[in-house]
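Let's take a walk through a protein model together.

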Amino acid sequence: MKISADRVRDYLSAVEREGSALPADRRQELLADLAEHIEVTRAERPDAPIGEILTELGDPRTIAATALAEAGSGVAGAATRSGDDAPAGRGKVHPSVPLLMLTLSLPFMMVFPDLPGPAIGVLFRIAGAVLLCTSVHWTTVQKTTGVLVTAVLPSAVITAWNLSGAPAGTPSLVANLVTLAVLTGASVLLWRVRRA
């Protein structure tokens, strides 16, 4: 019994995760409907394996995509119209785009220290932060932490370094390389915890 309860909980968690773009009340209603359907089916067919019941319900991504389409959400449009089982709301911007923009903003400024290098680097950082914040691939906490570590912290360090009047050269190169290592580490971590 415990194993089947774990499988049901995992299944409902997957639907909740895939349906994160749904309004909270609609998402909870969907989960309640699915849980009720599972209970009724188990009562009607007590000998049926839980895996068979969950398979009959369908893939969590497909269920979430259908719910998004029914809710009239624009994010589900592409996945629903194409007819494939691609996750809803995932097609607009690949999750690597904001991470690359945030990570590559600093090397761009380092390689091209004269204008327009710094301006383009700052635009990369801002655009990357906006894309990260609007992505459905991370939770709110992950987005906030990501923006703080990859955009706000490096900007504050660079501004403080420039305002301190410290000389250019080896110390600034070391500071830039340490900042680049932090950016890369944060981006790798965000990549690993992203929603597929």
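How much accessible surface does the chain have, and what share of it belongs to carbon and sulfur atoms? The accessible surface comes to about 11,300 Å², and 65% of that belongs to carbon and sulfur atoms. Such areas come from the Shrake-Rupley method with a 1.4 Å probe, and for residues only the protein chains shown count as cover.

Before going further, a word on what you are looking at. This is a predicted model, in which local features need pLDDT of at least 70 and side-chain atom pairs count only at pLDDT 80 or more, while totals for chains, interfaces and linings use all residues. Residues are numbered from 1 along each chain as its sequence is written, and side-chain values use heavy atoms, with hydrogens and water left out.

Now for the overall fold. The chain has 9 helices and 0 strands; here helices (H or I, at least four residues) and strands (E, at least two) are DSSP runs, numbered from the N terminus. Of the 196 residues in the chain, 34% are buried, where buried means under 20% relative accessible area, exposed over 50%, and partly exposed in between (1.4 Å probe, protein chains only).

Let's visit helix α2, which covers residues 24-44. From first C-alpha to last, α2 reaches 30 Å, close to the 30 Å expected at 1.5 Å a residue; the expected span is 1.5 Å times one less than the number of residues. Its buried residues are R27, L30, L31, L34, I38 and T41. Seen down the axis of α2, these fall within an arc of 95°, so they line one face of the helix. That arc is taken from the directions from the helix axis to the C-beta atoms. On the other side of α2, you will find D25, E39, A43 and E44 exposed. A handy rule lies behind such patterns: an α-helix has 3.6 residues a turn, so residues three or four places apart point the same way.

Next comes helix α7, residues 117-134. Here G117, G121, R125, G128, A129 and L132 are buried. Their arc, viewed down the axis of α7, is within 105°, so they too line one face of the helix. Turned away from that buried side are the exposed residues L123 and T134.

Leaving aside neighbours within four places in sequence, R125 is in contact (heavy atoms within 4.5 Å) with residues including M101, L102, T150, P154 and L183.
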